[in-house]
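Me: I would like to learn how to read a model of several chains, one feature at a time. Can we go through one together?

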Amino acid sequence: MHPVLKLVIQRLALGLLLLLAASVLIFVGTQILPGDVAQAILGQGATPEALANLRSELGLDEPAFTRYIEWLSSALQGDLGTALSNGRDIASSIGGRLQNTLFLAAVAACISVPLAIFLGLLAVRYRDRWPDKLISAITLTSISLPEFLLGYVIMYFFSVQWGLFPSVSNINSGMSFLEKLNAVALPAMVLTLVVLAHMMRMTRAAILNVMQSAYVETAELKGLRRFTIIARHAMPNAIAPIVNVVMINLAYLVVGVVVIEVVFVYPGMGQYLVDHVAKRDVPVVQACGLIFATIYIGLNILADVISILSNPRLRHPK
Amino acid sequence: MNDEFRYLLARAARGSLDRRAFLGRAAALGVTSTVATGLLSKAVLAQGPRQGGSLVMGLQGGESTNSLDPALAASQVPFSYLKVSGEPLVNIGADGNLQGRIAEEWTASPDATEWRFKIRSGVEFHNGQTVTAEDVAQTLRRHSNEDSQSGALGIMRGISSIAVEGDTLVLQTEGPNADLPFLLADYHLMIQPNGGFDDATAGIFAGAYKWVENEPGVRHVLEKHANYWDSSVGHFNSIEMLVINDSTARNSALQSGQVQLINRVEPRVAGLLARAPGIHVESTAGRGHYVFIMHCNTAPFDNNDLRMALKLAIDRQDMVDRILRGYGSVGNDMPINASYPLFDESIPQRQYDPDQARFHYERSGHSGPIQLRTSEVAFPGAVDAAQLFKESAAAAGIDIEILREPGDGYWSEVWNVQPFSASYWGGRPVQDQMYSTAYLSNADWNDTRFFNEHFDELLLQARGELDQTRRKAMYSEMGMMVRDEGGLICPMFNDFIDAYNDQITGWVTNPNLEMMDGLAPVQMWSAE
Amino acid sequence: MKGMTLSALLGLFITGLFFAAAILAPWIAPYGMSEIVGDIWEPSSADFWLGTDNLGRDLLTRMIYGGRNTIFVASAATAVSFCLGSILGFTAAVYGGWVDQAMSRFNDLVMSIPTLIFALVVLSVMPVTLPILILVMGLLDSTRVFRLSRAVAVDINVMDYVEAARLRGEGQRWVIFREILPNALSPLVAELGLRFIFAILFISTLSFLGLGIQPPAADWGGIVKENREGIVYGIPAALIPAVAIVTLSISVNLVADWALNRTTSLKGGRGA
């Protein structure tokens, strides 16, 4: 078997194992959340009998291991259970929200990743001259502002003052693709600004790092254009750290946007999760945790595989 | 005002001339747009409600955990959608008098222990079934049942039997209860087919609007129930409620015209929002109050001198000014204010008095910091209010240590658990209900751990007392007890502050609860 | 300090100014930290240079004390995350094999749970004190540093000069601190500046969720939050701490950029 293929398969297997470990962690973690689920459902006026009844109904009196196995096996079959707080089926409630979250993340990623890499390359090309400084200053400013402030400021200008985009990003299944794009314009803009700087700066730093290498010098002596050297010779060798940072930011776009969802009233996963954490709705928290972990680990494996493929020394070990 | 302008005004009011065109033509006639707008809204009001159009609301207080089961409603969004889609037995009007809804009329036995409600005929549920007395009885039975976990359980406890005689509902109460019909106006008690025993979350009610789409925590869409019995309300064709929990986002949505009606405007920005063109901010004095509660049975708060010291060490007027920006009134360490029937105006107002506070504090013998738990969710501005409290108490030599708790879990882990915390009460329609909910020794939500036998006796006596003068005297005595011995520090009563833009009109002041007691969407109408 | 560029000097100067203000807070602040001195949201005047905040406290005073908390917590948390993350990351890369696998996968496991949710759970179980806040932030952040430093170190580890060092018989410690660390410094320093900003933003997010620094003390993010309702009505109280965060961030990163250039030239690239 080709060593790279072996490495890739190894990573995939490890990823699955990791997912299993994460499921244990999530299960245990939700058990130590303060507060009792039964108490949280019944609220203030709960009698001891009602509490005991509900506990046995929910299976809370069974040993933890049994509950874990039952939970995992039904989750694998796509059954995430029902929410304790409102009795709705979790899989169907999450479905739409997960789609919304992925949609927003995808829009933001489609803008921010190419833009960040392009700006990074540009900054290296004009290193220490005004384009570099300008790009640096703008991206630093955008990253230094608390997200909600960025959100409010953008909302104030683009929605309240100029009326260009809606301030409430309310999307539903009846809307066309363009209508949806219009609805998520503001949150996508904020998210782009939030993740842009990190990726751009890492691109710049990583490329500068390899610009010192002998082969770049060779390329320069060959008389190639500077931008070609950066994009064709330096960039591929700087891919590992860039991919890592891109991956971290993609994961952030999926799992870390609670604040943006609150500000723009976007019906995504984050808000859903926070609401249910507040209600101690353990099945929902577990389900969301599992989904987030899957997305995260998936992106991780992807980043690792790309890093392996991009490093000739790893691709052809001595 | 010349004839041409009058003609334009009439056309605009009828809607055959649109608003923008009207303002333009008015300007051409030399009438400023402020004057023209004012005259137009008057003319529109005089014209009477316009039918049609759709209403979009932006509301705070919705979560993705919300259920359509009226028993489980606790926050503003479920309250709003129940008020719009459901129909109760009775409503409390803006004037404080009862209005019959499903109940056409009602009578009490002379000792106020038996109440008979005649059920209105020809009222239809959203699924086409006719509302019967049996449906009403079943609804009340379900809310009496411990399993339903109903928010109205406390109200139903006093009812000993629920029976049906033809088209009449007969209720027997355990003791005399002169206020029973007021209690039945509670928003949990929306009538459902077979009382909701078949499927409480089906969303089938008898109100003006029926369900189209329900996405908890995101949006709720309702449309006009074509066979609704009362043609005087329900003017919009459809109502969409967007859950917008963030206050700045809510204000922006109103200003950019994405929504026409919002609740819970922050007092701090209400004045600023009102200055925006085309926005009306309505503030309504109500019965809701912001409080700091001490457990009377837990050290150090089991010492009345310490409690009194803390009560004297809070600057009420300063809180009304800074936290409510004047949109409210000072409290008097009792849960009752002038919005309640039978309120005794002669009870003296407690003032901020650091010297007296110091005197009581020293007499209590306590020393060291006193921990006060607060959170953003306790009430709007609760963290700020705690800081003001800390400052004013420091002047009396009392050291308050603020512990800010996460909003997540505050109501289950802190309120009614920790001995000193910030909280709020929405108020109740009558004094009896407020006291029974939180001050009776065995009340479910006795969150100040107030145990006083004499108080309990008085409360039961007053409940059956039909002589209003004697009843008022009893309530006055009870108020004084809570004020001077209880664990309640009540610095302020908040106004409800709602706002709408000039695409809709027909606002009426209603002191019962926010948004015209939740009825703004069914009573207001489209202005364009 | 020789050969510092003008921008780096400026960055250093402003950063120094912020740190000095933080340290000297009790002496330079015009009013008491939680003292109420005026009406709500007063515009700036001779008495209140930056105006007053949402409760009528002097905003300049709040900013100085808030900066103290912000800078202290962010610096401490960043230090924790870098020491821990980079050393563990290099170790994983240098040892390779199952050590690397075990450490990397454990790191992935911790990272796979969203940071915010993790922090929420941990902080709701433990009391919110400054040391715990710093530790939680530092530990959670160190996973990111670990990932990056490992990725960088893996690439360096297959370089010829590392191999040469190994053939010379140098120990793993020597390889980590003398070969990997200097060569991995530039991306790490670039990251350090950003991590510092992220630490500031993370405290403000925690304050947003009610888990940060306890009132009446505040951090800059907390002051933004306290005054945010005024933003859309043109009241600048929320923008001032935001400007402070931006200024500090840019200053720190100007210094970081200079350090980046310096380390790359130290490395002795071509022409040296």
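This is a predicted model: local features need pLDDT of at least 70, side-chain atom pairs count only at pLDDT 80 or more; totals for chains, interfaces and linings use all residues.

Me: How many helices and strands does chain A have, and what percentage of its residues is buried?

Reply: Chain A has 16 helices and zero strands. Of its 318 residues, 47% are buried.

Me: How do I read the contact between two chains, and how many residues of chain A are in contact with chain C?

Reply: As a general idea, the size of an interface is often given as the accessible area lost when the parts come together. Here we have residue counts: 48 residues of chain A are in contact with 45 residues of chain C. On the chain A side, the elements giving two or more residues are α1 (3–31), α6 (130–144), α7 (147–161), α9 (185–210), α12 (239–255), α13 (258–264) and α15 (282–310). The largest share, seven residues, comes from α15(A). By class, the chain A side has 33 nonpolar, 12 polar and three charged residues.

Me: How do α12(A) and α15(A) pack, and at what angle?

Reply: For a helix pair, take the angle, then the handedness, then the residues that meet. The axes of α12(A) and α15(A) are 9 Å apart, and the packing angle is about 165 degrees. Angles over 145 degrees count as roughly antiparallel, so α12(A) is roughly antiparallel to α15(A). Their crossing is right-handed. Residues in this contact include M247(A) and L250(A) from α12(A), and F292(A) and L299(A) from α15(A). The contact divides into 15 nonpolar, four polar and no charged residues.

Me: Which helices of chain B come within 10 Å and cross at roughly 155 degrees?

Reply: Those are α16 (residues 453–464) and α17 (residues 468–485) of chain B. The crossing of α16(B) past α17(B) is left-handed. In the contact, F455(B), L458(B), L459(B), Q461(B) and A462(B) of α16(B) meet R471(B), M474(B), Y475(B), E477(B), M478(B) and M481(B) of α17(B). Eight of these residues are nonpolar, one is polar and two are charged.

Me: Now a sheet. In what order do the four strands of the open sheet in chain B lie, and which are the edge strands?

Reply: The order is β4-β5-β7-β6 in chain B, with antiparallel pairing. β4 (103–108) and β6 (159–165) of chain B are the edge strands, each pairing on one side only. From one strand to the next, the twist averages 20 degrees. Five bridges join β4(B) to β5(B), residues 114–119. One bridge pairs E105(B) with K118(B) of β5(B).

Me: Which helix of chain B packs on the sheet?

Reply: Helix α5(B), residues 133–144, packs there, touching β5, β6 and β7 (168–173) of chain B. The direction of α5(B) makes about 165 degrees with that of β6(B).

Conventions
Residues are numbered from 1 along each chain as its sequence is written. Chains are lettered from A and ligands numbered from 1 in the order in which they are written. A residue is buried if 20 or more other C-beta atoms lie within 10 Å of its own, exposed if 12 or fewer, and partly exposed in between; C-beta atoms are placed from the backbone. Two residues are in contact if their C-beta atoms, placed from the backbone, lie within 7 Å. Ala, Val, Leu, Ile, Met, Phe, Trp, Tyr, Cys and Pro count as nonpolar, Asp, Glu, Lys and Arg as charged, and the others, Gly among them, as polar. Axes are lines fitted to C-alpha atoms, for helices over the stretch in contact, and angles run from 0 to 180 degrees between N-to-C directions. Angles under 35 degrees count as roughly parallel, over 145 as roughly antiparallel, 65 to 115 as roughly perpendicular and the rest as oblique. A crossing is left-handed if the near helix is turned anticlockwise from the far one by less than a right angle, and right-handed if clockwise. Two strands pair if DSSP finds at least two bridges between them.
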